[in-house]
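Please keep the sequence and the structure in view while reading.

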Amino acid sequence: MFARVSQRVVEAFAPAPRKAGIGMPSIVGEGLHIEGDLLTAGDVQIDGRVEGEVRGRIVTVGATGRVIGGIAADEAVIGGSVSGGIAARSVVLTGTATVDGSIRQERLSIEAGATSSGDVERLDALHPNPRRLTDAGVP
């Protein structure tokens with residue numbers, strides 16, 4: 001009798017299995033330098049330096065982060081430096097952000113103090129029904 005109750009209790013409080021691409025973000029820590037593309041179906045936090053293309057569901061470049069290359073994401077939150085294009089459904093430039101390249105987005109938020117040099121275009125103006133962000137100009 002107690003074995004059955006215990007089994008039910010264990011099943012009730014067991015953690016749900018994680019879905020692919022959801023969970024903890026991949027982290028490029030401060031002081032880490034990656035040369036090459038960084039591609040993930042999940043989230044990525046960049047506090048170090050990446051020289052190459054970065055693709056992910058949510059790409060966050062922290063205040064100490066630097067990306068030399070393009071970013072393609074559903075959501076891009078930039079607090080550091082990006083030298084290259086950004087294509088995302090939602091782009092947030094925090095007050096510490098510096099972007100040198102084009103920004104293609106559906107929604108854009110720019111905080112006071114952020115700097116950007118390059119074209120800014122809406123994705124829906126480029127492609128009324130974009131299937132892939134790469135169609136917007138980020139290889």
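Among contacts in the chain between residues at least 6 apart in sequence, what percentage join residues at least 24 apart? The share is 10%, where contact means heavy atoms within 4.5 Å.

The model is predicted, so local features need pLDDT of at least 70 and side-chain atom pairs count only at pLDDT 80 or more, whereas totals for chains, interfaces and linings use all residues. Residues are numbered from 1 along each chain as its sequence is written, and side-chain values use heavy atoms, with hydrogens and water left out.

**Overall composition**

The chain contains 2 helices and 14 strands; these are DSSP runs numbered from the N terminus, with helices (H or I) of at least four residues and strands (E) of at least two. Of its 139 residues, 35% count as buried. Here, buried means under 20% relative accessible area, exposed means over 50%, and partly exposed lies in between, with a 1.4 Å probe and protein chains only. The chain exposes about 8,100 Å², of which carbon and sulfur atoms supply 54%. Accessible areas come from the Shrake-Rupley method with a 1.4 Å probe, and for residues only the protein chains shown count as cover.

**Strand pairing**

Two strands are said to pair if DSSP finds at least two bridges between them.

| Strands | Sense | Bridges |
|---|---|---|
| Strand 6 (residues 54–61) and strand 8 (residues 71–78) | parallel | 7 bridges |
| Strand 8 and strand 10 | parallel | 7 bridges |
| Strand 10 and strand 12 (residues 103–110) | parallel | 7 bridges |
| Strand 12 and strand 14 | parallel | 3 bridges |

Ser90 belongs to strand 10 (residues 86–93). Is Ser90 buried or exposed? Ser90 counts as buried because its relative accessibility is 11%. Apart from neighbours within four places in sequence, Ser90 is in contact with Asp74, Glu75, Ala76 and Arg107.

**The nonpolar core**

In soluble globular proteins, nonpolar side chains tend to be buried together. A nonpolar core is defined here as a set of buried Ala, Val, Leu, Ile, Met, Phe, Trp, Tyr and Cys residues joined through side-chain atoms within 4.5 Å. The largest such core has 21 residues, and those touching the most other members are Ile46, Val54, Val59, Ile71, Ile78, Val82 and Ile86. Strand 4 (44–46), strand 6, strand 8 and strand 10 each supply at least two residues of this core. Beyond its neighbours within four places in sequence, Ile46 has contacts that include Val28, Leu38, Val54, Val59 and Val67.

Gln45 is also found in strand 4, and is partly exposed at 22% relative accessibility.

**Salt bridges**

The structure holds 5 salt bridges, each being a side-chain nitrogen of Lys or Arg within 4 Å of a carboxyl oxygen of Asp or Glu. One of them joins Arg57 and Asp43 (3.0 Å, N to O). Arg57 lies in strand 6 and Asp43 in the loop between strand 3 and strand 4, so this pair ties together parts that are 14 residues apart in sequence. Arg57 is partly exposed at 32% relative accessible area, whereas Asp43 is buried at 16%.

Another salt bridge is formed by the side chains of Arg89 and Asp74 (3.0 Å, N to O). Because Arg89 lies in strand 10 and Asp74 in strand 8, the pair ties together parts that are 15 residues apart in sequence. Arg89 is partly exposed at 26% relative accessibility, and Asp74 is partly exposed at 36%.

**A surface patch**

Leu108, Ile110 and Val120 form a nonpolar patch on the surface, with about 240 Å² of accessible area together. Patches are made of residues with over 30% relative accessible area and no salt bridge, with like charges joined within 9 Å and nonpolar side chains (Val, Leu, Ile, Met, Phe, Trp, Tyr) within 5 Å. Val120 lies in strand 14 (residues 120–122) and is partly exposed, with a relative accessible area of 44%.
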